[in-house]
Amino acid sequence: MTAAQALPLLVVLPLTGAALLVAAGRWLPRYAADAFGCAVAAATAALACLLLAARSGSAPVEWVGGRRPVHGSGVGISLVGDRAGLGLAALVGVLVVAALVHSWRFFDEPPSGQNGAFPALVLIFQAGMGGFTLTGDLFNAFVFFELTGVISYALTGYRVEEARAVQGALTFGFLNSVGGYATLLGIGLLYARTGELGFAQIGARLDARPGGGDALVTGALVLVATGLLVKAAAVPFHFWLPDAHTVAPSPVCMLLSGVMVQLGLYGVARVYWTVFAGPGGVPEQAVQRALLALGVLTAVTGALLCWLQRHIKRLLAFSTIAHTGLFLVALSALTPDAVSGVALYLLAHAGVKAALFAGAGVLVSRFGSVDERELHGRGRGIWGVAAVFGLGGLALAGLPPFGTALGKALCEESAGPAASVLFVAVSAVTGGAVLRVTGGVFLGLGGRGAPADGGRAARAGREQQAEETSGEGEEPETGVRLTRVPDTMLGSAAALLAGGLAVGCVPALWRAVGETAGAFTDHAGYAASVLGTTATGPVLSAPPHWSVPGVGLGLLSVVLALAAAAGGVRAAGGRRPRWSLPLRRLHSGHVGDYVACAMVGIALFALLLW
């Protein structure tokens, strides 16, 4: 079997495993269903890693059903095994394995006896994500991402007996449906213009008509990118993410912030460079302006709301939104160096953020709460989880030699000095928020904000609580309160943190990422690989590496994060500032408000591109 012929297995294996779990779940013991799900996910991840390691020369392309294009045109479905696609498929597999290990015997026995339901849903998620990273067809990219979205709704509302879980899943579903409809409409516009659905074929047809950037092509980019930006949780399309993370089980949060958001960004970059980066696409300056503006808005909004949260899972969700903004700012440079930095930052961030959500899952199952003030000082003694939060906060802040610090340094270098200020500030705020939780929950620093002023602080706390859409008083996700931290939960978090550290310590990985970025941004090269034409080689850049300014800025953001955390711990229990009220009220929990904001976002994105 050739590498090209093995590509469909990255989708078929997890789908087959899910089908077997559903069929045999009534007769399988719980541990057997969990073990089988882990084995299938691990086998798929291993296959992706093997294909990535064995890949040499041009990207293998598999035309499903043998329907190859004739004279550059056709309706066949292609899977393209380039380094970027295979690398992300491997990342998805690793995160899925970690989430399944973390959830080992995580839930109560289902009343129906269908023990394989949760791992089956996660395997379908893996299949959808794997298909999305590899497909060379725009319509099938939409299909795979929507398949993943539907499964994500089910996973978010997995505890259907809880009204909040169902509400969060419905909000998730409504907003992502809006994005899906926009993407489908954009695909229709591109098909009307070119008569093609493949990335390479659409790009080639647009390039045949130089002087592009007309209203139809620009409108198509706006609509297609909207659905992907919703998945990436860019402001103002982000409202589903904090609401979903508040109610979803922690293993699901690991997947949503660990891979789904990142693949939304990957989709934006993939669509731009394969379809719209040529002479018949959208002018580069317009794309840079739009990505930069959305990135700054997303980073600043996410960081401010991250700092204001006391619901730990919601805090981590807004941290993900803030880093999405940083990724968009870096991508706005539209250079291979910027893509290299984002890729390394994204890889390390996925591991660190998934580890932090794993730690939050331990807290809610041990203490029945993820409220920062409610948990004050109660985390003493669970030093493994404390280490996860402490190291995770430092990694988010940009502490060398974590991969987040290397990626951040490369992004700062590509985006310019002005952007460096934003990167340092946002990293310091998001890392400081996690370190504040570490100091208060696990070390007992500061106070719980007990009322000492005749009840005014208590009234302020009640007002503050009423404004939270997340609620408090969580039920243990494991069904019963944990008396000790299971090795599977702590081990998966530690392994993910180690992965985030390894990204910054393996020069061979840096070189591979640099080569991947050069090929990823090669518009003509991608078309040549898929259509079998000739093209010049990709523009190669210097391999990613540590630099003195990058290390210095990383250490500066860590110092600022520690200072912010110390100040935040001392101010625990204080009323949140008045200026934050409009931001908090925007997150009302009402789907209508969120859809209205998404419509405003579409209009804003269109204005920035024109």
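Predicted model: local features only at pLDDT ≥ 70, side-chain atom pairs only at ≥ 80, totals over all residues.
Residues are numbered from 1 along each chain as its sequence is written, and side-chain values use heavy atoms, without hydrogens and water.

**Helix pair.** Helices α2 and α3 pack at about 175°, with axes 9 Å apart. They are therefore roughly antiparallel. Helices here are DSSP runs (H or I, at least four residues). From α2, L13 and G17 are among the residues that meet α3, whose side includes F36 and V40. The contact residues comprise twelve nonpolar, three polar and no charged.

**Cores.** A nonpolar core joins buried Ala, Val, Leu, Ile, Met, Phe, Trp, Tyr and Cys residues through side-chain atoms within 4.5 Å. Buried means under 20% relative accessible area (1.4 Å probe, protein chains only).

| Core | Residues | Members include |
|---|---|---|
| Largest | 163 residues | L190, W240, L363, F389 |
| Second, separate | eleven residues | A6, L51, L86, A90 |

Beyond four places in sequence, L363 is in contact (heavy atoms within 4.5 Å) with I312, F389 and V441, among others.

**T156.** This residue sits in helix α6 (residues 138-156). T156 counts as buried because its relative accessibility is 0%. A polar atom of its side chain lies 2.8 Å from the backbone oxygen of S152.

Definitions and conventions:
Axes fitted to C-alpha atoms, helices over the stretch in contact; angles between N-to-C directions. Helix = DSSP H or I, 4+ residues; strand = E, 2+ residues; numbered from the N terminus. Parallel < 35°, antiparallel > 145°, perpendicular 65-115°, else oblique. Nonpolar A, V, L, I, M, F, W, Y, C, P; charged D, E, K, R; others polar. Buried < 20%, exposed > 50% of the residue type's maximum accessible area, 1.4 Å probe, protein only. Polar contact = N/O pair within 3.5 Å; in protein donor to acceptor, adjacent residues only side chain to side chain.
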